[in-house]
Amino acid sequence: MEYFKDDLKWKRKAKQSLRILVVGAGIGGLAVAIGLKQSGHDVIILEQVPHIAEVGAGIQMAPNAARILGRFGLLGKVMEKANVLEKNSLRRYANNEELGTAPLMPEIGQKYHAPLSVIHRGDLQAILLEAARAENIEMHLGSRVVEADSSFEARVKLQSGEWFEGDVIIAADGIKSDLRRQIAKAHGIEDHSQPTGDAAYRILIPKEKLEHDPEALELLNTNAGMRWMGPEGHIMAYPIKNNKVYNMVLLHPQKEGAPNEESWTNRGDKKEMLDFYSNWNDLVKNLLTYVPEGDVMEWTLNTHRPLPAWIENKVALIGDACHPMLPYVAQGAANAIEDAGTLTMCFSITSDVSLALEVYQHVRKTRGEAIQHSAATTRKALHLPDGPEQQKRDEAIRNSNKGGHNPDLWADTEWQQFMWGTDVMKDTLENWEAYKGKVEGHHLTPLNATIYT
């Protein structure tokens, strides 16, 4: 497969098969279920919705996630549905001036040995769902988990009152996770989401709406990201579904009195959207006129304070349940897949549940929360009002192509290396004995650590 080169050598099959309950069938839940099943574990998915439907819009499939899906045998199907972006264009909101570009493919694929692409979230979830069914993973839909065992043994209770038992619980139940709240409470914390003050319109413009507009059609047919930055908001846009749909995410201030509940399915108001972007450039305003009435979705952006722990006894949190990501560095799905890859590796190496979960947390928590924090930092840089700070930012973006720091961390080469260059599965495998020593209190040096092969 082009750009995917993998030199990881690992013993795929687990030493002992465990019964693992995965709560949630989103991107992270399906990915971890597939990885663990392929490693020989007995996996059961408990999903609260009665039917898994295509929801959401475009998301980025970054190299740090693509290499893991490659190891799970799924990258080929993903790339059939994905668009491979060649660059990201960073622009001023008012006059459409290009301040700089961030080269993407093929350079990124050659550098990190895995491709960077964009895909509709529903397409990715459908690929993962098909793979889970092909692996004969037991799946219970309409089964909402409301609590774990009070001592966090591997037992969970459904809303119906039924209990499921296993050897491990992996909570992939999203930003509204009941198990996250239960773990937080065990640490004396009342967990709740915090509004960022931002909301996002997510819109999809079908090709047929653009066919008589040469400028708009050129955007749809060009595999490039467009990132317009303005006061209190920004827009990220790119083609998806093999250039049949133009995907736009429009960040703006949350309106006063709007509900704080985060949802992919809340309806937005087209007139309000057009009003906010009325002083942006003509290309943006023209694109927004093509949005079908009733197809504007508005998503309130909330975050959570980091938890003191992602694990409690035999229960582990993954994805948005432990590190909900704001969209500014496009790492939400990728980091959930990193969680899946790390847990797959841990439970391939050991059947000791406590050890596996402790190493998982050691590998992922600091890194995941650093990326989570970088999204908030990038938000501030993208939404500056016109003035001296904005002018300084724009000049830094212009100079970034000469090797300087880019305040848009998604386009900054040093931060890209941290986000995309890290291979959590390889890191876990090659440093297993050192990590094992750390979590057990024996701080081995690399020279004293034996590498598991």
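The legends below describe close-up views of a predicted model.

**View 1. The three-stranded open sheet formed by β8, β9 and β10.** In this sheet the strands follow the order β8-β9-β10 and pair in antiparallel fashion. Strands β8 (145-148) and β10 (163-165) form the edges, each of them pairing on one side only. When direction is ignored, neighbouring strands are turned against each other by 30° on average.

**View 2. The pairing of β9 with β10.** Strand β9, which spans residues 155-158, runs antiparallel to β10 and is joined to it by three bridges. Within this pairing, Val156 has Phe164 of β10 as its bridge partner.

**View 3. Helix α6 against the sheet.** Helix α6, made up of residues 178-186, lies across β8 and β9, and its direction makes an angle of about 25° with β8.

**View 4. The surroundings of Val156.** When neighbours within four places in sequence are left aside, the residues in contact with Val156 include Val145, Glu147 and Ala148, as well as Glu162, Trp163 and Phe164. Leu21, Leu46, Ile169 and Leu179 are also among the contacts of Val156.

**View 5. The nonpolar cores.** The largest nonpolar core comprises 117 residues, and Val156 is listed among those with the most contacts inside it, together with Leu124, Ile170, Leu179, Phe347, Tyr360 and Trp420. Helix α12 (residues 353-382) supplies the largest share of this core, namely 10 residues. In soluble globular proteins, nonpolar side chains tend to be buried together.

Note on methods:
Residues are numbered from 1 along each chain as its sequence is written. This is a predicted model: local features need pLDDT of at least 70, side-chain atom pairs count only at pLDDT 80 or more; totals for chains, interfaces and linings use all residues. Side-chain values use heavy atoms; hydrogens and water are left out. Two strands pair if DSSP finds at least two bridges between them. Helices (H or I, at least four residues) and strands (E, at least two) are DSSP runs, numbered from the N terminus. Axes are lines fitted to C-alpha atoms, for helices over the stretch in contact, and angles run from 0 to 180 degrees between N-to-C directions. Contact means heavy atoms within 4.5 Å. A nonpolar core is a set of buried Ala, Val, Leu, Ile, Met, Phe, Trp, Tyr and Cys residues joined through side-chain atoms within 4.5 Å. Buried means under 20% relative accessible area, exposed over 50%, partly exposed in between (1.4 Å probe, protein chains only).
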